[in-house]
Amino acid sequence: MDLVCRQARLKFGTDTAERLSEMLEGVSDPERIARIGDRIILCETGAELLARAREV
């Protein structure tokens with residue numbers, strides 16, 4: 001989870017990374033975290049990432 005949040009911070013900024021971290025609290029499924037990591041690459045904005053992360 002830390003790596004995914006770090007990548008989100010680098011691409012979209014601290015606010016998005018902090019909000020993503022809150023969303024991922026308690027998530028232990030590595031496949032779900034990996035899918036969110038994929039979305040970091042695919043999304044154009046932090047808002048899009050957060051919206052798509054909710055769908056995972």
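Reader: In this model, are H2 and H4 roughly parallel or roughly antiparallel to each other?

Author: The model is a predicted one, and in it the axes of H2 and helix H4, which spans residues 46-55, come within 10 Å and cross at roughly 5 degrees. Angles under 35 degrees count as roughly parallel, whereas those over 145 count as roughly antiparallel. The two helices H2 and H4 are therefore roughly parallel.

Reader: Which residues of H2 and of H4 make the contact?

Author: For the pair whose axes cross at roughly 5 degrees, the contact draws on both helices. From H4 come Gly 46, Leu 49, Leu 50, Ala 53 and Arg 54, and from H2 come Thr 16, Arg 19, Leu 20 and Met 23.

Reader: By class, how many nonpolar residues does the contact of H2 with H4 have?

Author: Leu, Met and Ala count as nonpolar, Arg as charged, and Gly as polar. Sorted in this way, the contact has 2 polar residues, 2 charged residues and, in the nonpolar class, 5.

Reader: Is Thr 16, a residue on the H2 side of that contact, buried or exposed?

Author: Thr 16 belongs to helix H2, which covers residues 14-24. Apart from neighbours within four places in sequence, Thr 16 is in contact with Gly 46, Leu 49 and Leu 50. Since buried means under 20% relative accessible area, and the value for Thr 16 is 8%, the residue counts as buried.

Reader: What is the relative accessible area of Leu 49, and which residues does Leu 49 contact beyond its neighbours within four places in sequence?

Author: Leu 49 has its place in helix H4, and its relative accessible area is 0%, so it is buried. With neighbours within four places left aside, its contacts include Thr 16 and Leu 20, two residues that also take part in the contact of H2 with H4. The whole set for Leu 49 is Ala 8, Phe 12, Thr 16, Leu 20, Ile 36, Arg 39, Ile 40 and Cys 43.

Reader: How is Ala 53 placed, and which residues does Ala 53 touch when those up to four places away in sequence are not counted?

Author: Ala 53 lies in helix H4 and is buried, because its relative accessible area is 0%. Not counting residues up to four places away, Ala 53 touches Leu 20, Met 23, Arg 32, Ile 36 and Arg 39.

Reader: Which side chain of opposite charge is nearest to Arg 39, and how far away is it?

Author: Arg 39 is buried, since its relative accessible area of 18% falls under the 20% cut-off. A salt bridge needs a nitrogen within 4 Å of a carboxyl oxygen, and Arg 39 has no salt bridge. The nearest side chain of opposite charge is Glu 55, at 5.3 Å.

Reader: How many salt bridges does the structure hold?

Author: Arg 19 pairs with Asp 15, with the closest N and O atoms 4.0 Å apart, and both residues lie in helix H2, about one turn from each other. Glu 31 pairs with Arg 35, also with a closest N and O separation of 4.0 Å, and both of these lie in helix H3, 4 residues apart. Arg 52 and Glu 48 meet in a salt bridge at 3.8 Å, N to O, and, being 4 residues apart in helix H4, they are separated by about one helical turn. The number of salt bridges held by the structure is 3.

Methods. Residues are numbered from 1 along each chain as its sequence is written. This is a predicted model: local features need pLDDT of at least 70, side-chain atom pairs count only at pLDDT 80 or more; totals for chains, interfaces and linings use all residues. Side-chain values use heavy atoms; hydrogens and water are left out. Buried means under 20% relative accessible area, exposed over 50%, partly exposed in between (1.4 Å probe, protein chains only). Contact means heavy atoms within 4.5 Å. Lys and Arg count as positive and Asp and Glu as negative; His and the chain ends are not counted. Axes are lines fitted to C-alpha atoms, for helices over the stretch in contact, and angles run from 0 to 180 degrees between N-to-C directions. Angles under 35 degrees count as roughly parallel, over 145 as roughly antiparallel, 65 to 115 as roughly perpendicular and the rest as oblique.
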